[in-house]
Amino acid sequence: MVFMEGKGKSKSGGRKGKEESSLFDKVWTLANHRGFVFPSAEIYGGIAGIYDLGPLGAKLKNNLVQAWREFFVLRETNPPVYELDGSTILPYDALKASGHLDSFTDPTVSCLKCKKWMRADHLIEDSLGLYVEGLSPEELTKIIRENNLVCPDCGDGLSDVSVFNLMLGVQVGPAGGQTAFLRPETAQDIFLDFKRVQQSMRAKLPFGIAQIGRSYRNEISPRQGLIRVREFTQMEIEMFVHPRELGSHPSFGRVRDVRIRILTRGQQMKGEIEPVEMSAGESLEKGILPNAYMAYYLAKETLFYKSLGIPYDKFHFRHMMPEETPFYSGGNFDLEVELSIGRKEIVGNAYRTSYDLSNHMKKSGKDLSVDFDGEKVVPEVVEPSFGVERAIYCILEHCYREDDGRGWSWFQFPPKIAPLTALVVPLVRKEPLTDISFKTYENLKENGIDVEYDDRGSVGKRYARADEIGIPFCVTIDYDTPKANTVTIRDRDSRKQVVVNRDSLTETISKLVSGVIKFEDLL
Ligand code: GAP
């Protein structure tokens with residue numbers, strides 16, 4: 001939850017503000033040109049901060065979501081994680097009880113002349129390099145006046161700072177209907193449906209409920225492409241645990257030795273920016289993390305993002321400072337990734353205690369406690385909250401490769417999330433090569449491998465196009481294919497080629513994607 005939306009900036013990282021890096025520009029431009037992402041309703045001018053994912057972006061997203069679902073939901077046994085597909089429209093009372101109506105705000109300021117709206121804290125941080133998290137509107141106004149800050153666009157004077165609620169309202173039903181809001185986080189459905197899920201699944205504590213879906217925030221100044229948008233996808237888990245049981249996670253042994261990087265509060269106070277590294281087990285023994293569930297998720301997230309192509313030394317977990325942390329939280333740890341535009345949060349990990357369930361109990365009058373060996377318990381909650389669009393940008397930037405002698409830039413997506421797994425190409429556009437190529441393409445598709453067929457232009461140009469959009473393998477049908485039933489697999493990363501039997505192609509590609517074999521093993 002972002003009652004203290006301080007994100008992205010902070011003593012630990014800093015934003016690059018107005019001077020976006022050239023790498024960001026390059027990757028963002030490429031992502032637009034190659035159809036990963038573009039403005040929604042573009043032919044009508046669109047709406048700032050609202051994007052559509054094109055064919056490659058949609059595939060990248062689906063692969064990322066599926067990888068997450070398998071790793072954090074489907075393969076989890078103890079505790080189990082159940083799934084929910086809740087509504088994006090929530091009633092006024094629910095969001096009043098959750099605190100969003102009163103506190104889900106950002107400080108805002110507007111230009112008296114051109115009427116541009118800006119986040120007051122961002123303006124101050126960008127102009128003065130000051131860290132102003134948690135300051136009141138009056139304090140922010142004072143800083144603006146004392147430093148004679150003006151509108152960065154037209155140079156005119158600024159209004160006083162006020163607070164702006166980030167929720168998008170909707171009227172449900174005809175005139176005078178019910179006031180409702182688009183959900184600002186998927187988590188609230190999970191709390192509202194908690195008792196239903198528990199009863200229908202006969203679930204016993206501890207257990208988790210996961211949800212993947214859209215959330216909406218009326219960001220004052222959407223910026224940096226997919227990093228701060230108004231409509232985005234979250235993948236969230238609320239893990240419900242008996243308060244007495246938070247110290248031990250039944251499957252902790254599986255991640256105890258995983259190394260994680262943490263930027264502690266003590267380090268941030270000293271202005272240090274290099275995280276400390278320790279095992280998940282040590283982080284718990286040293287009392288750096290509040291409970292075993294938090295340590296479990298930080299370890300799993302480390303494994304997950306490494307497997308998606310974000311280098312281990314380019315992300316860490318930052319213990320949020322007290323002024324950035326909601327009053328009820330037992331500790332928040334943001335996963336921040338180093339990007340050319342500064343450090344950006346892509347996962348919020350929060351120990352939400354029993355705050356949400358307790359508030360919904362009070363406001364609704366419904367009993368949301370559960371039975372635990374004859375005892376009535378309101379469980380506590382540990383929540384990892386993943387943003388999909390921010391992760392997509394991080395993957396694009398960290399997998400982007402400049403021309404390394406091949407003559408073009410390319411994306412080194414890990415095969416399991418690459419938008420396309422293989423490109424099937426006939427060496428030349430001639431029968432029987434084209435016919436065999438098309439049949440090979442159809443056969444791979446029927447076997448669940450996401451491939452494309454291309455017979456236009458020179459084979460070198462087709463390889464280049466495949467590299468440019470990050471396709472890990474090209475399958476070439478050449479003059480040997482009709483005689484020997486062999487095809488050539490070209491590896492995107494090494495640009496090496498290997499000849500395999502056409503009958504074993506599906507199996508070979510599947511093994512390469514799952515990592516059971518490496519391309520070098522085939523040489
Ligand atoms: N339920 C907890 C929660 O929503 P959050 O830190 O506000 O926590 C979680 O959001 C994640 O959602 C963030 O780490 C980020 O990846 C993503 N997110 C939040 N606001 C976003 C925005 N305006 N644009 C893109 N992603 C956003």
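This is a predicted model: local features need pLDDT of at least 70, side-chain atom pairs count only at pLDDT 80 or more; totals for chains, interfaces and linings use all residues.
Reader: What share of the residues is buried?
Author: Buried means under 20% relative accessible area. The protein chain has 523 residues. The buried ones make up 56%.

Reader: Why does a radius of gyration of 25 Å agree with a compact globule?
Author: The C-alpha atoms fill a box of roughly 75 × 65 × 55 Å along the principal axes. The chain has 523 residues, so a compact globule would have a radius of gyration near 24 Å. The protein chain agrees with that, at 25 Å.

Reader: How many helices and strands does the protein chain have?
Author: Both kinds of element occur in the secondary structure. The count comes to 18 helices and 26 strands.

Reader: What share of the contacts joins residues at least 24 apart?
Author: Take the contacts between residues at least 6 apart in sequence. Of these, the share joining residues at least 24 apart is 67%.

Reader: How far apart are the centres of the positive and negative side chains?
Author: There are 68 positive and 75 negative side chains.

Reader: Is His-316 buried or exposed?
Author: His-316 sits in strand S14, residues 315–319. Leave out residues up to four places away in sequence, and His-316 touches Arg-261, Leu-263, Pro-275, Asp-334, Leu-335, Glu-336 and Arg-343. Its relative accessibility is 0%, so His-316 counts as buried.

Notes: Residues are numbered from 1 along each chain as its sequence is written. Side-chain values use heavy atoms; hydrogens and water are left out. Helices (H or I, at least four residues) and strands (E, at least two) are DSSP runs, numbered from the N terminus. The radius of gyration is taken over C-alpha atoms; the globule rule is 2.2 Å times the number of residues to the power 0.38. Buried means under 20% relative accessible area, exposed over 50%, partly exposed in between (1.4 Å probe, protein chains only). Contact means heavy atoms within 4.5 Å. Lys and Arg count as positive and Asp and Glu as negative; His and the chain ends are not counted. The place of a charge is taken as NZ of Lys, CZ of Arg, CG of Asp or CD of Glu.
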